[in-house]
Amino acid sequence: MPDPKAPRRVLILGAGFAGLSCARKLAKNPNFSVTLVDRTNHHLFQPLLYQVATASLAAPDIARSIRQVVEKAPNISVIMDEIRSIDSNGKTATGRSGKSYPWDYLVLATGARTSFFGNDDWEEHTLGLKTLADAQAVRRTVLANLERAERTDDPDERRRLMTVAIVGGGPTGVELSGAFADLVRHSMRHEFRHIDTSELRVVLIEGSERILEAYDEDQSAYAKERLESLGVEVMIGRRVNGIDPELLHFTDGGTLESAAIIWAAGIEATPLTRAIGVEPADRAGRLAPKPDLSLPEYPKIFVAGDLVRMTDLDGKPVPGVAPAAVQMGEHIAAVLKEELRLETTRYASKKHELRPGFRYFDKGLMAIIGKNAAVVKSGKLRLQGFPAWTAWLLVHILFLIGFRNKLAVLLGWAFAYIRNNPGARIIVHPPTEVAN
């Protein structure tokens, strides 16, 4: 029997918004021994990944060492490993390293990965945007294609090299397309001698009838009009049914040649959710927890972040956004603290039944559309244009972890705004044909 006075072992898988928020709420609490496992050594601020991809920010500006974040919490151990299997009954998890991690409570917050809706062979011909490596690959590919276009004399090859196709008209696709349009039509237009970068064709492809479907129709219309004013070609109602190297196929029989195809059309839960032995709630592999965020079959396993499909206590669907993940992580920490308190009361035998349910405080949705424009939807508040853009900047600065990151991003944005000339345009590890 475990020592009832020993600290409860909490194993948190994933140091994203949910996992890190949970760990920080348990920090310095001697009643909990926390092990935080992630396959990287850094916490990533994913909402700004597109700015790394479009050379507006450098990678270190939006990432911070996990160890630095929790260095003052002696009860938290940080491990860089990739969990491959979970024994739900034996209460252990095993990493790629072969090491086994025991737990009394498990918090599964490993996030999501890119989904190709069953067409996994498309992945080798596209670029995603879920990690720092993805963002750097996007930036490297687009910038290297411009270098290749500068030296070629073949007009067809130049046209293909100067086409960026972005599949998916959600916030990621909209923000990427707007940022690329700003970059090449304003910041870089005088840097090349044999090509006009303002002729870069940025194509945003959405299968439904409007972009930013989660927003109001007038906001979607505003976003489309704004993108088109920047020179982005917005294709709505066009579905992709095939991807070959540098070639998109559409269900209407049309094709599009592009040397940079970026896939931003969908996400799915990481495969680790299937390792628990619980039936997924949807085709994306997400799990449906109880109101307290624990799994019905396993009261000591909690899920949070993009892995979750649920409605909160008020019947509101919980979206896969950073504020929701943060709130879920904090809620789980609160549940664990309260459960520990109840163990010393006459309600100990009913502690699982007394857990509070999760209530999501909706902070709204926002998407930036190039320089000086954005859309915001929060409760009854609707903003668009410059006021929304200002709100977007403020919220994202506040959500960044660490003073250094906040300052670096703020200064980077200020410099780029004043000079209209982002500086993070170095190509690291260029493709072979460029390097030679």
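Mentor: Let's begin with pairing: two strands pair if DSSP finds at least two bridges between them. Helices (H or I, at least four residues) and strands (E, at least two) are DSSP runs, numbered from the N terminus. This is a predicted model, where local features need pLDDT of at least 70, side-chain atom pairs count only at pLDDT 80 or more, and totals for chains, interfaces and linings use all residues. Residues are numbered from 1 along each chain as its sequence is written, and side-chain values use heavy atoms, leaving out hydrogens and water.

Trainee: Which residue of strand 21 is the bridge partner of Ala367?

Mentor: In general, strands of a sheet pair through backbone hydrogen bonds, either parallel or antiparallel. Here, Val375 in strand 21 is the bridge partner of Ala367. Strand 20 and strand 21 (residues 374–378) run antiparallel and are joined by four bridges.

Trainee: What is the strand order of the open sheet?

Mentor: The three strands are ordered 20-21-22, with antiparallel pairing. Strand 20 (365–368) and strand 22 (381–385) are at the edges with a single partner strand each, so one side of each has no neighbour in the sheet.

Trainee: Which strands does helix 10 touch?

Mentor: Contact means heavy atoms within 4.5 Å. Helix 10 (residues 386–399) packs on the sheet and touches strand 20, strand 21 and strand 22. For directions, axes are lines fitted to C-alpha atoms, for helices over the stretch in contact, and angles run from 0 to 180 degrees between N-to-C directions. Helix 10 makes about 105° with strand 22, while helix 7 (residues 217–229) lies across strand 21 and strand 22, at about 10° to strand 22.

Trainee: How do I read a helix crossing, say helix 1 with helix 9?

Mentor: Look at distance and angle. The axes of helix 1 (residues 17–26) and helix 9 (residues 322–342) come within 7 Å and cross at roughly 35°. Among the residues making this contact are Phe17 and Leu26 of helix 1, and Gly329 and Leu336 of helix 9.

Trainee: Is Ala265 buried, partly exposed or exposed?

Mentor: Buried means under 20% relative accessible area, exposed over 50%, and partly exposed in between (1.4 Å probe, protein chains only). At 30%, Ala265 is partly exposed. Ala265 lies in the loop between strand 17 (260–263) and strand 18 (267–269). Not counting residues up to four places away in sequence, Ala265 touches Phe117, Val167 and Gly168.

Trainee: And how many residues of helix 4 are buried?

Mentor: In helix 4 (residues 132–151), 14 of the 20 residues are buried, leaving the helix mostly covered.

Terms used:
Expected span 1.5 Å × (residues − 1).
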